[in-house]
Amino acid sequence: MRSRLLVGCGFAALCLASCQGQPPVATPSGNPAPQAYTQTTTAAQLPEKLATRHLPNTFRIHDKVLSGGQPHGEEGFKELAELGVKTVISVDGATPDVAAAKKFGLRYVHLPHGYDGIPAERAQELAKAVRDLPGPVYIHCHHGKHRSPAAATVACVTAGLLDPSQAVGVLKAAGTSENYRGLYASARDAQRLEDKLLDELAVAFPERAKIPPLAEAMVAVEHAHDHLKAIEAAGWRALVDHPDLEPAHEALLLREHFTELLRSAAVQQEPAGFQQMLRESEAAGLALEKALTVRKAAGYPADVPLEIPAAFEVVTKNCTACHETYRDVPLGEKKR
């Protein structure tokens, strides 16, 4: 589904920027500024994928900036600390696990944005963050394939750490879908911002940003859908490594998210097509919940009733269609 604002080794990786023989310049925050991009950087020095265990789709984009998915529990934050990371920036709508990050000496900053692109103000905030906050900096979204590579790229270009000509290549290397035209547009359009303007920019860098209720609900739908995709891959039975994700219960949670959305005042203000997709998904979620409850009572037989994948397919297709129609439309194409 959608939201206008948003809705988941080795340290010897490459450095895209270098200033030979030049000492780092201190920023107003007192932290050394990362060295700026120079033309000595070659195409062979594009982002390198890191072999991480608890950090999905992790890429080294600059000597101070990494991009990836949401850390998997405390193991993920521990791995970040082992990588030397000092600051974690979430561009996802989910509430950051600040306590887990602090346990490993990491600072959390929450600067969420949507799949439709990165607004100019947010791009400047991200640029100031990667320039001034203690590094290395790890920028993450949920999966680490779309929003975080775009955010890291735009931040690096705007801060002068990455040449604009390399921006689109970073997204492609990270596997960012070209369906997210707004993210690609943000990367293509990103330009270096003068240091003086970044110096003057006042940013609070919150640990937890205030997210609109509709956006929070969409994040919850996305997570529930991800759980059911994993259950689907396991043959519609409980996962061996996650026995807490009981199939019928996960379907119940997904259906409840749709039900609560339909009750909300915010959804009543949305287009009729958006509301219709929610109603269809609610009905499909209920059918999926009932079918999985029957399957559980039967002891999870080998044969999966056709109504289970059929119901889940309705939800998945509606989510995809809703994203394309409402969530992923580039910022520049949206009606004002």
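Reader: How many aromatic pairs does a search of the whole structure find?

Author: This is a predicted model. The search of the whole structure finds two aromatic pairs. One of them is F77 with Y108.

Reader: What makes F77 and Y108 an aromatic pair, and is it stacked or edge-to-face?

Author: The ring centres are 5.9 Å apart. The cut-off is 6.5 Å, so they pair. The planes stand at 70°. Over 60 degrees counts as edge-to-face, so that label applies. F77 sits in helix α1 and Y108 in strand β5, so the pair ties together parts 31 residues apart in sequence. Both residues are buried.

Reader: Why is the pair of W236 and F312 given its label?

Author: Here the centres lie 5.3 Å apart, with 85° between the planes. Centres within 6.5 Å pair, and planes over 60 degrees apart are edge-to-face, so this pair is edge-to-face. W236 is in the loop between α8 and α9, and F312 is in helix α12, so the pair ties together parts 76 residues apart in sequence.

Reader: How do you know whether W236 and F312 are buried or exposed?

Author: Buried means under 20% relative accessible area. W236 has 4%, so it is buried. F312 has 2%, so it is buried too.

Reader: Why does N318 count as buried?

Author: N318 lies in helix α12. Its relative accessibility is 9%. The limit is under 20%, so the label holds.

Reader: What makes the link between N318 and E280 a polar contact?

Author: Their side chains come to 3.2 Å. The cut-off is within 3.5 Å, so the distance qualifies.

Note on methods. Residues numbered from 1 in each chain as written. Predicted model: local features only at pLDDT ≥ 70, side-chain atom pairs only at ≥ 80, totals over all residues. Heavy atoms only, no water. Helix = DSSP H or I, 4+ residues; strand = E, 2+ residues; numbered from the N terminus. Buried < 20%, exposed > 50% of the residue type's maximum accessible area, 1.4 Å probe, protein only. Polar contact = N/O pair within 3.5 Å; in protein donor to acceptor, adjacent residues only side chain to side chain. Phe/Tyr/Trp six-rings, centres within 6.5 Å; stacked < 30°, edge-to-face > 60°.
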